[in-house]
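This report covers helix packing and backbone geometry. The sequence and structure follow.

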Amino acid sequence: MDTPDVGIPEQLASRLSMPEQHAYLRGKFSRRKVLAGAFATAGAVGGTALLTGSSGGAHEGTPAAYGASAAPSAPVRVAGSLVAPFGRHLAFGADPMTQMRISWQVPLAVKSPYVRVGLKPWELGEKVGAEVRDLHTPALSKKLPAVEQYYLHAALDGLRPGTTYYYGVGHDGFDPASPERLGTVGTFRTAPERAEKFVFTAFGDQGVSYHALANDQVILGQDPAFHLHAGDICYADTTGHGKESDTYDARVWDTFLAQTECVAKSVPWMVTTGNHDMEAWYSPNGYGGQSARWSLPGNGFDPEAAPGVYSFRYGNVGVVALDANDVSYEIPANRGYSGGRQTAWLDKRLRALRADPSVDFVVVFFHHCAYSTSTHASDGGVRDAWLPLFTEHQVDLVINGHNHVYERTDAVKGGEVGKPVPVGASTDPTRDGIVYVTAGGAGKDLYGFGPGVKDSYEGHVHDRESITTFRWTKSRAADPDTVEWSRVRYTGFSFLAVEVTSGAHPRLSVSALAENGERVDHFDVVRGT
C-alpha cells in the first residue's frame with residue numbers, strides 16, 4: 001500500500017497535540033535520507049556560496065530542493081556578488097526608541113553577512129555582524145520538495161530616539177555601501193523620546209495574493225510608525241486543522257516576505273501567531289519556523305517558547321502581543337502549552353503599563369476572536385482567560401484576525417453592550433467598556449456573515465437589534481448565542497489605520513480602510529471624558 005501523501009494522516013492529526021505532531025514528524029522523516037540543513041551552510045567559503053543541484057532537474061541559480069530520498073549532487077560555487085538579499089523586514093526591540101531588528105533572507109548560504117547603518121544613505125557605517133538561522137524543511141508531502149532557507153538577523157542597539165537611519169544588508173561579495181548597490185539601501189525611524197502624533201496600521205490573515213499586495217500599498221500611503229499583523233501570516237500551512245492538506249510549503253514564506261518587503265523594509269512589521277502559523281516539524285510547539293524568520297522584542301514570558309508574545313511602548317501607546325493558540329477552545333493543538341504563564345505575564349504587563357504615566361492607551365492584539373459573528377465566531381477560551389484582565393486594566397482597543405472580514409463591536413462591558421458605538425461615534429473605555437475589532441480582511445479569501453445578515457458600514461448602515469451566532473466552548477462545541485454587540489460589518493479586503501494624538505486630550509482615531517483606500521468605518525477612543 002502506498003504511503004499517504006501527507007505529513008500527518010488526518011485521523012492522527014485530528015487528535016494529536018502540537019508536541020505530539022512534532023514527535024510524529026521527526027520520527028517519520030528521520031528515517032528518510034533527507035539533506036541536513038548544515039550541508040549548504042558549511043559550504044560557503046571565500047566569498048562564494050554553494051548551490052547544490054538535484055538529480056530531479058533543479059536548475060542552477062535556484063535554491064536546492066531535494067525530495068525525501070534525493071541525494072545531493074556536486075555543489076556549484078556561486079560568487080557572493082551574485083547572491084542578492086531579499087525579503088527585508090524590520091521589528092522593534094523591547095525599546096523602540098533605541099532598538100531595531102533588521103531581518104532578511106538570501107537564496108543561498110553566504111559568508112559573513114552584515115548590516116551597515118548611517119545617518120545618510122551614502123555614509124553607511126561599520127559592518128554589524130548578522131546571525132544566520134538556516135531552516136531545513138523535508139518533503140512533507142509527495143507534492144512538495146525539501147527546502148533549505150537562510151534567514152539573517154542583525155540587532156541594532158544604542159540608537160538615537162526620533163532619528164531616521166539608512167541601512168544596507170550584505171555579505172562578502174555584496175557591499176550595500178558600494179556605488180552600484182546604493183539602490184538597495186533602506187530606511188527606518190526610531191520612536192520619538194516624547195509623545196507626538198503618529199499612525200499605526202493593523203490587520204490579520206494576509207497570505208499571498210493580489211489583494212494582499214494592494215492592502216500593502218495603501219498601508220504604505222498611511223506612513224505608519226509600525227504595523228501589527230495579528231497572526232495567520234503567509235498560509236504556508238493552508239488549512240491549520242490537521243487535514244490531508246495540512247502540510248506546509250516553506251517556499252510560500254519566501255514569496256510572502258518578497259511581497260511584504262515594500263512596506264516592511266521601512267515599517268516595523270510586528271507579528272503574532274495564528275493557527276496557520278503552527279508548523280509542527282520545526283519544534284514541539286510549532287513555532288520554530290517563526291523564530292527562524294522573525295526577530296521580535298523577546299520580552300514576553302518565554303521568548304523561546306512563544307516568540308509572538310511580547311510588548312513595547314511607542315509614544316503614549318503600550319502594545320501587547322499575545323498567542324491565542326495557548327487558550328483557544330476552537331483549535332486546541334497548543335492549548336495550555338504555557339501552563340498559565342502567558343496569562344500571568346499578561347496580568348503583570350497590563351498592570352505595569354497602566355502604572356506608567358507616559359502611557360495613555362493600551363492596545364492588545366492576537367489572532368482568535370473574542371467577539372465576532374463570522375465563520376469562526378467567538379472563542380470562549382480567549383474570553384475565559386483574558387477578558388477579565390482586559391476589563392480590570394481598562395484596555396482601550398483589542399485587535400483580532402481569524403475571521404476574514406472586518407467586524408467591530410460596540411463598547412462591550414461584562415459581555416454586554418456598555419454603550420452603542422455607531423460609525424463616527426466616540427467611546428470612553430473607563431466608563432463604557434472595550435471595542436473589539438476583527439480586522440481579518442488582509443488578503444486571504446474572504447468569509448461572510450450569517451444568512452440574512454447584511455454588511456453594515458459607513459454609507460451603507462444596516463443596523464440590527466441582534467444576530468444569531470455562536471461561541472466555542474471548552475468541549476469544542478459551538479454554543480449558540482444571540483448577541484447585540486455587532487455594530488459594523490464589512491465583507492471586503494481592508495485594514496485598520498489608527499491615528500494617535502497625545503497632550504491634554506489624547507485620542508485614538510480608529511479607521512477601517514478598504515484596499516482601494518475608501519473608509520468603511522471610523523470611531524474615536526477618548527479616556528476620561
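## Helices α4 and α5

Ala212, Leu213, Asp216, Gln217, Ile219 and Leu220 of α4 touch Gln259, Thr260, Cys262 and Val263 of α5. Contact means heavy atoms within 4.5 Å. This is a predicted model: local features need pLDDT of at least 70, side-chain atom pairs count only at pLDDT 80 or more, and totals for chains, interfaces and linings use all residues. Residues are numbered from 1 along each chain as its sequence is written, and side-chain values use heavy atoms, with hydrogens and water left out.

The axes of α4 (residues 210-221) and α5 (residues 251-264) lie 9 Å apart, at an angle of about 10°. α4 is therefore roughly parallel to α5 (an angle under 35 degrees). By class, the contact of α4 with α5 has 6 nonpolar, 3 polar and 1 charged residues.

## Helices α7 and α8

Helix α7 (residues 341-355) and helix α8 (residues 380-392) have axes that come within 10 Å and cross at roughly 10°. So these two, α7 and α8, are also roughly parallel to each other. Residues in the contact include Leu346 and Leu350 of α7, and Trp386, Leu389 and Phe390 of α8.

## Positive phi

Most residues other than glycine have a negative phi. Ser112 has a positive phi of about 55°. Ser112 sits in the loop between β4 (100-106) and β5 (114-118).

Asp232 is buried, with a relative accessible area of 1%.

Note on methods: Axes fitted to C-alpha atoms, helices over the stretch in contact; angles between N-to-C directions. Helix = DSSP H or I, 4+ residues; strand = E, 2+ residues; numbered from the N terminus. Parallel < 35°, antiparallel > 145°, perpendicular 65-115°, else oblique. Nonpolar A, V, L, I, M, F, W, Y, C, P; charged D, E, K, R; others polar. Buried < 20%, exposed > 50% of the residue type's maximum accessible area, 1.4 Å probe, protein only.
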